[in-house]
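Hi everyone, thanks for coming along. Let me put the structure up, and then we can walk through it together.

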Amino acid sequence: MAAQPSVTLGELELDALTELVNLGVSSAALSLREMVQEEVLLSVPSVSVVTRAEAIANLEQRNTSRLVGVHQTFEGDIRGRALLIFPEAQSLELVRAVVGGDLSLEDLMELEQEALAETGNVLLNGCLGTIANNLGRSLRISLPEVIHGNGSEFINLTPPPRADSCVLFIYINFAVRRRDIQGYLAMLLDLPSLIALKELLAEFIERATATTVVSPPHAD
Amino acid sequence: MPTSDTFDNAILDAIDGGVIVVDQNERVTHWNRWMASASGLAAAQVCGRTLPEIFPDRNLRRLPLAIREALSLRASTIITHALNPSLFPLQSPTYRPLFHDITVSPVGAPEPSGCLILVADVSMATRREKFLRNRQNARYDAVVARAADVILTVDEEGVIQLANPAALVQLGYYTAELVGRAAVDLFETREAWIATWRGALEGSSSGNPTELVARRKDGSITYLEALASRWPTGTRSHVTAILRDVNQRRATEAALRASEAEARTAATALTELNRTLEERVQQRTAQLMNTEEALRQSQKMEAVGNLTGGIAHDFNNLLHVISGNLHLLKRDVAGNVVAQQRLQKALDGVSRSAKLSSQLLAFARQQPLDPKVIHVGNFLRDLEDMLRKAVGEGVTLSMVFDSALWNTLVDPGNLENSLLNLAINARDAMDNRGRLSIEARNIALDADYANTYPEVTPGQYVMIAVTDNGAGMTPEVVQQAFEPFFTTKREGRGTGLGLSMVYGFVKQSGGHIKIDSAVGQGTSVRIYLPRSLQAEETVVDMDAMPVLGGNEMVLIAEDDESVRDTVVALFNDLGYRVLKAKDAQSALNIIESGMPVDLLFTDVVMPGPLHSTELARKARERIPHLAVLFTSGYTQNALSPGGRLAPDVDLLNKPYSRDALARKVRHVLSNAAQRRSQSAN
C-alpha cells in the first residue's frame, strides 16, 4: 500500500549502514557479554529502510501474539526512536538467558522489566552509539523504557510520527546460553533525519574510500 | 563561581537521592550529602578519585563502561538493583542495606563534559516487593510447592514456564529440565494434551478433567488426570495444568474390576455348588444307602449262612451214617439184583443230598477249604474243555487273560465248581445261544471301592469275570441272587444254591463277588480273589488216583457213635487195622499208651476240653511222622482262621464216598512215609 520512502538509501549507503550496524551490534554483544558473564552472539541478517506500514507488516507477519519493546530516544543531527522488539513469548526467554540460573516464572516475570530495560539499553546504546560515533556525530541517547503492544502501536508511538517518516528495520538474532532468540531493531526516523543519515553515510563512505586515512572522532 | 558552586552544591545536597558527577577522566567532582551519608564517605574523601578507586573491593560491573559510553557516545544507561544488587555499599541511616538503582547520563552538549550518576533509593519498593513476594511464596509453597500433583505453567507457545517439585516425584524431571521445553513432548497422548491446553487458553475448556498418558524421564508410562485453566498475568496468558497421578486409582479400579470378576466367578461357582449340592447330597445318600444295603445284605447272608451251616452240618452227619451203612449193605445184598438196584438208588439220593448240603456249607462259608496257590490263567485253560461242554455248542466261549496274571490262594475244586456254576447260569440265561466270555485280570480295589462294599479289604486282586449277553436280571433279582434257594429257573432246573455256594466260597476265600446285570443286556459276575505272592503249586487230582486199601494202624477219633461205627466199618473194609476213640482226649491216651499208630483220622469238631488240632500236635510230638487226616462237615474256624487249612494239614470233607476215603487215606499215608524216609536220610 505505502509507496517507497521518498528518500531511499543507495546500495552503497545501505552496505555502509549494514556495516555500521554490525559494528554496533558487535560492540553491544561485548557489553552484553560483560553483563551476563556468558558468551553472547548477535548477528544481523538484514538491514533495510522501509515505510512504517512495511515495518508494521514485518512485525506482525510472523508474530500474532503481542510484542514487548525497549524504547530509547536519540537526539542530535538525526533524531528518532530506537526500539528493540521481541515477541512477548520470547522476551522471557531472553530474560532467562540474560539472568541465568533456575529462576521461577514469577522471578522471571518480576525481573522482566529491569532485565529487558538493561538488555535493550546495552544493545541500543551499543548500536546507536557506535553508528553515531562512526558517522562523526554525537547523539544523546535517553534512558530505556519497556513497552508492550502490537507492531502498529510500536511504530505509531505518540506523538504521531510524520507521514513521511520511515523505519530502519533490522532483524537481529541473539544466541545466549544455547538459547536462540529472534528480535528486531527498529529505528524510526523522520524525513530530515533520514536525509541527514544519508548525508552522513555518504561522508562516511567518502572518508572510508579516501586514500588519506582520517581517524573518526573518539576512535582510539 | 564559588557562590554558584556553593548554591549548586546546596541543591545537590538537598536532593533526596544520590548524585555523583565524574569528569572526562571519570574522576568524581560532585558527591552529594545523600551519597556521603549512605556510603559513609565524605565528599572530600572521594573527590578526584574514580569510582573503582573509591570502591576497590566492589564489582561495579557495567558502571565503568556506562560512564565511558556516556562520555564518548552520550548514551544513557540504567543499572538496576534487580540485576545488579548492592552495586555500591550503601546503608540507610538505620544501617540497613540500601537498595538502589543507578542511572548514568552524559552531561554537557554537544560534547559531554562529564557524566551524571544518579542513585535512587528503591529500598521501600524492594522491601514491599519482597514482602509481597514472601507472602506470595508462602501461598505458593502452601499450594504449589507442596502439592502432590504436578503443576505446570505453560505459556501461549506451549512452552513450560513453571514446574513444581512434584514433577520430580511424578515424572522424574527437575524443574530446570522442564522449563523451556514444549509441554506436549511429555505426553504420549499429544492430541489430548493439546486439546486440554488450547481449551484452557481459549477459555473453551469444559472444566472436566482429561486423562492423559505421560512418559516419565526413565521411559515408564504414567497415567495423569489434567485440569487446566487460564492464568492471565498482565499482558500475557498462561495455562496452569494440574496433573494428578491416577495410576493408583487405575490400579484400584483394575483390582476392583478383577475382584468383581472374581466375585462373579465365585458367585457362579457358589450357585453351581448350590445347584449341584442337592444332586451331590442325593449321590452321597444313594451311596450311603447302597453301603447300608450291602451291609444289611451281607448281615442277612451271614445269618442265613449260620442257620444253613448248622442244619447242613447235622444233616451231613446223618447222611454220612446213611451213606456208610448203604455202602456196607452192598455186600449184604450181593446176588439180590433188585435189592442192589434199590440200594444204588438210595446211594444216588445220598450223593445228591451230600452235594446239596455241601453247597449249603459252601454258602455258609463253613466248608473246609483246601487252598492252593494257583495261576488263574493256567487254571482256566485246564478248565476250558469242561466249560465248553457245559455250555454247549450254541454258546460261543471266549477267554481273555492278562498276560501277567498274579497268583491267588484258593481251593481249586471249589473254584472249578464256582466257574462251572456261573457258566451254566449264563448258558441258561442265554437260553443256550449267545456269547460267554471269561476274563481274568489283575485289579486293585481301592479304599473308595471298599467304602461302598464294607466287606472288601482294599488291595490287589485277581478278577475273574464271567459275562453273558443273556436275559439279564432286574436289580431286585440281583439283590436276592446269592440267597440260598432263590432261583429264577423253572421248577426242577435249579436248586437255588449255585450262586449261594459261589458267594460263600469267594467270601470264605477272602475275596469279593459282584453282579452287574441289566435286563435284556446280560449279566456279568465278577469274582475278586486276593493276590498271592507265592509260587504256583501243583494240584493233585485226587479223583485220578487209584482206589487202594492198606494194612496200617488207623486211630479214629469221632464223637458221633453212628458215624464212628460207619467209619470203622469203612476202614476195615479197606483192610486197615482200626483203633477208635470217642473224643480227642481218649485218642491222645491211646497214642500215649504207645500203640503203633500210622494214621490219626479225626473229626475236627468234637466235644471235650482237648481240641482236635491240639490232639494232632501232641500226637505228632509222640509220633513225629504220624499221618493226620481231619474230617469235617464244616470247619467253623476249627483248623485255621477263615476255615482254610494250613499247608501241611489234610482234610476230608464229609460226606465222603468209600473211594474218596480210600484215595485220601492212601495219599496221606504215602506223604507221611515220604517225610519219614526224607528225615531218615
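Let's begin with Phe86(A), which sits in strand β3 of chain A, a strand covering residues 80–87. Keep in mind as we go that this is a predicted model. Is Phe86(A) buried or exposed? Count the other C-beta atoms within 10 Å and you get 25, so Phe86(A) is buried; the cut-off for that word is 20 or more. Who are its contacts? Leaving aside residues up to four places away in sequence, Phe86(A) touches Leu67(A), Val68(A), Ser91(A), Leu94(A), Ile181(A) and Gly183(A).

Now let's see where chain A meets chain B. The contact takes 32 residues from chain A and 30 residues from chain B. On the chain A side, the elements that each supply at least two residues are α1 (11–36), α3 (88–99), α4 (105–134) and β4 (140–141). Which of them gives the most? That is α4(A), with 13 residues. By type, the chain A side divides into 14 nonpolar, 11 polar and 7 charged residues.

Before we move into chain B, a word on confidence. The model scores ipTM 0.82 and pTM 0.48. Chain B has a mean pLDDT of 84, and 94% of its residues reach 70 or more. Within chain B, the lowest confidence is in helix α14 (residues 447–452), at a mean of 77, while strand β1 (residues 18–23) has the highest, at 95. As a rule for reading any such model, where pLDDT is low, the predicted coordinates should not be read in detail.

Chain B has 681 residues, and 36% of them count as buried. Its secondary structure comes to 20 helices and 22 strands. Of the contacts in chain B with a separation of 6 or more, 63% are between residues 24 or more positions apart.

Five strands of chain B form an open, antiparallel sheet in the order β2-β1-β5-β4-β3. At its edges are β2 (28–31) and β3 (77–79) of chain B, each pairing on one side only. On average, neighbouring strands in this sheet are turned by 15 degrees against each other, ignoring direction. Zoom in on β3(B): 3 bridges join this strand to β4 (residues 100–107) of chain B, and the two run antiparallel. Ile79(B) stands opposite Ile102(B) in β4(B). Helix α5 (residues 63–73) of chain B lies across β1, β3, β4 and β5 (114–121) of that chain, at about 25 degrees to β4(B).

Next, a quick stop at strand β11 (residues 372–375) of chain B. In a regular strand the side chains alternate between the two faces of the sheet. In β11(B), Lys372(B) and Ile374(B) make up the covered face, while Val373(B) and His375(B) make up the uncovered one. The strand is joined by 4 bridges to β13 (residues 407–410) of chain B, running antiparallel, and Lys372(B) has Val410(B) as its bridge partner there.

Our last stop is another open sheet in chain B, with 5 strands in the order β19-β18-β20-β21-β22 and parallel pairing. Strand β21 (residues 627–632) of chain B is joined to β22(B) by 4 bridges, and Leu629(B) stands opposite Asp650(B).

Two helices go with this sheet. Helix α18 (residues 584–592) of chain B packs on the sheet, touching β18 (553–557), β19 and β20 (599–603) of chain B. Helix α19 (residues 612–622) of chain B lies across β18, β20 and β21 of chain B, at about 170 degrees to β20(B). The axes of α18(B) and α19(B) come within 10 Å and cross at roughly 5 degrees, which means that α18(B) is roughly parallel to α19(B). Among the residues meeting there are Leu588(B) and Ile591(B) from α18(B), and Leu615(B) and Ala619(B) from α19(B). The residues of this contact divide into 6 nonpolar, 1 polar and 3 charged.

Note on methods
Residues numbered from 1 in each chain as written. Chains lettered and ligands numbered in written order. Predicted model: local features only at pLDDT ≥ 70, side-chain atom pairs only at ≥ 80, totals over all residues. Contact = placed C-beta atoms within 7 Å. Nonpolar A, V, L, I, M, F, W, Y, C, P; charged D, E, K, R; others polar. pLDDT = per-residue confidence, 0-100. Pairing = 2+ DSSP bridges. Axes fitted to C-alpha atoms, helices over the stretch in contact; angles between N-to-C directions. Parallel < 35°, antiparallel > 145°, perpendicular 65-115°, else oblique. Buried ≥ 20, exposed ≤ 12 C-beta atoms within 10 Å, placed from the backbone.
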